[in-house]
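Me: I have a structure open and want to learn how to read it. Can you take me through the features one by one?

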Amino acid sequence: MAKFQCVCGYTIRTSGDIPHPYQWNLLADQTFDELPEVVDLDKLYMDATVMFKCPSSGHLWIYWDGVEASPTLYSPAEGPWLPG
(Lines give C-alpha, C1' and ligand atoms only; values in the text may rest on other atoms or scores of the structure.)
Protein backbone atom coordinates (compact mmCIF):
# COMPACT_ATOMS: atom_id res chain seq x y z
CA MET A 1 0.00 0.00 0.00
CA ALA A 2 1.98 3.00 -1.23
CA LYS A 3 -1.02 5.16 -2.10
CA PHE A 4 -4.79 5.04 -2.47
CA GLN A 5 -7.48 7.36 -3.75
CA CYS A 6 -9.98 8.96 -1.38
CA VAL A 7 -13.63 9.05 -2.45
CA CYS A 8 -13.14 12.80 -3.01
CA GLY A 9 -10.50 12.05 -5.66
CA TYR A 10 -7.44 13.07 -3.62
CA THR A 11 -4.53 10.59 -3.80
CA ILE A 12 -3.28 9.76 -0.31
CA ARG A 13 0.32 8.58 -0.32
CA THR A 14 1.11 6.25 2.57
CA SER A 15 4.87 6.47 2.26
CA GLY A 16 7.23 9.41 2.31
CA ASP A 17 7.74 11.87 5.14
CA ILE A 18 8.22 10.57 8.67
CA PRO A 19 6.32 11.54 10.66
CA HIS A 20 3.62 11.18 8.01
CA PRO A 21 1.39 14.27 7.75
CA TYR A 22 -1.86 12.30 7.15
CA GLN A 23 -1.27 9.20 9.29
CA TRP A 24 -2.68 8.89 12.78
CA ASN A 25 -2.09 5.96 15.13
CA LEU A 26 -5.05 5.13 17.34
CA LEU A 27 -4.84 3.67 20.82
CA ALA A 28 -7.89 2.75 22.87
CA ASP A 29 -8.19 4.47 26.23
CA GLN A 30 -8.51 1.07 27.93
CA THR A 31 -5.31 -0.12 26.24
CA PHE A 32 -3.53 3.00 27.46
CA ASP A 33 -4.64 2.33 31.05
CA GLU A 34 -3.33 -1.25 30.82
CA LEU A 35 0.18 -0.23 29.77
CA PRO A 36 3.03 -1.10 32.11
CA GLU A 37 5.09 1.64 33.74
CA VAL A 38 7.92 1.02 31.27
CA VAL A 39 6.62 1.03 27.70
CA ASP A 40 8.30 -0.30 24.57
CA LEU A 41 7.41 2.60 22.28
CA ASP A 42 8.29 0.74 19.09
CA LYS A 43 5.92 -2.11 20.02
CA LEU A 44 3.21 0.34 21.05
CA TYR A 45 3.58 2.13 17.70
CA MET A 46 3.44 -1.12 15.72
CA ASP A 47 0.39 -2.39 17.67
CA ALA A 48 -1.63 0.81 17.21
CA THR A 49 -4.49 1.01 14.72
CA VAL A 50 -3.46 3.01 11.65
CA MET A 51 -5.67 5.76 10.27
CA PHE A 52 -5.23 8.18 7.39
CA LYS A 53 -7.10 11.49 7.28
CA CYS A 54 -7.62 12.97 3.83
CA PRO A 55 -6.26 16.53 3.87
CA SER A 56 -8.70 17.55 1.17
CA SER A 57 -12.04 16.25 2.45
CA GLY A 58 -11.46 15.12 6.03
CA HIS A 59 -12.52 11.52 5.31
CA LEU A 60 -11.02 9.02 7.76
CA TRP A 61 -9.66 5.72 6.50
CA ILE A 62 -9.18 3.38 9.48
CA TYR A 63 -7.37 0.05 9.17
CA TRP A 64 -9.04 -1.76 12.10
CA ASP A 65 -7.60 -5.14 11.02
CA GLY A 66 -4.12 -3.98 9.96
CA VAL A 67 -2.86 -2.31 6.81
CA GLU A 68 -3.05 -5.56 4.83
CA ALA A 69 -6.86 -5.57 5.20
CA SER A 70 -9.33 -3.12 3.67
CA PRO A 71 -9.94 0.09 5.63
CA THR A 72 -13.27 1.35 6.94
CA LEU A 73 -14.23 4.75 5.54
CA TYR A 74 -15.76 7.40 7.81
CA SER A 75 -17.18 10.52 6.21
CA PRO A 76 -17.16 13.95 7.85
CA ALA A 77 -20.50 15.47 8.79
CA GLU A 78 -21.95 18.10 6.52
CA GLY A 79 -21.27 21.51 8.03
CA PRO A 80 -20.06 22.23 11.55
CA TRP A 81 -21.21 19.98 14.37
CA LEU A 82 -22.58 21.87 17.32
CA PRO A 83 -23.48 20.17 20.61
CA GLY A 84 -26.97 20.54 21.98
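**Reading the model, feature by feature**

Me: Let's begin with the cysteines. How exposed is Cys-8, and where is its closest cysteine sulfur?

Reply: Keep in mind that this is a predicted model. Cys-8 is partly exposed, at 38% relative accessibility. Its closest cysteine sulfur is in Cys-54, 3.7 Å away, which is too far for a bond.

Me: How many disulfides are there in total?

Reply: A disulfide is a covalent bond between the sulfur atoms of two cysteines. The cut-off here is 2.5 Å between the sulfurs. The count is zero. Cys-6 is in no disulfide either: its nearest cysteine sulfur belongs to Cys-8, 3.8 Å away. Cys-6 is buried, at 3% relative accessibility.

Me: Now the sheet. In what order do the strands lie?

Reply: Four strands make an open sheet, ordered E3-E4-E5-E6, with antiparallel pairing. E3 and E6 (72-74) are the edge strands; each has a single partner, so one side of each lacks a neighbour in the sheet. On average, neighbouring strands are turned by 25° against each other, ignoring direction.

Me: Which strands does E4 pair with, and over how many bridges?

Reply: E4 pairs with E3 (residues 23-26) in the antiparallel sense, over four bridges. Four bridges also join E4 to E5 (residues 60-63), again antiparallel.

Me: Is E4 (residues 49-53) mostly covered or mostly open?

Reply: Mostly covered. Four of its five residues are buried. As a general idea, side chains in a regular strand alternate between the two faces of the sheet.

Me: What should I look at in the hairpin of E4 and E5?

Reply: Look at Gly-58. This glycine takes a positive phi near 85°. The hairpin has six residues between its strands.

Terms used. Residues are numbered from 1 along each chain as its sequence is written. This is a predicted model: local features need pLDDT of at least 70, side-chain atom pairs count only at pLDDT 80 or more; totals for chains, interfaces and linings use all residues. Side-chain values use heavy atoms; hydrogens and water are left out. Buried means under 20% relative accessible area, exposed over 50%, partly exposed in between (1.4 Å probe, protein chains only). Helices (H or I, at least four residues) and strands (E, at least two) are DSSP runs, numbered from the N terminus. Two strands pair if DSSP finds at least two bridges between them. Axes are lines fitted to C-alpha atoms, for helices over the stretch in contact, and angles run from 0 to 180 degrees between N-to-C directions.
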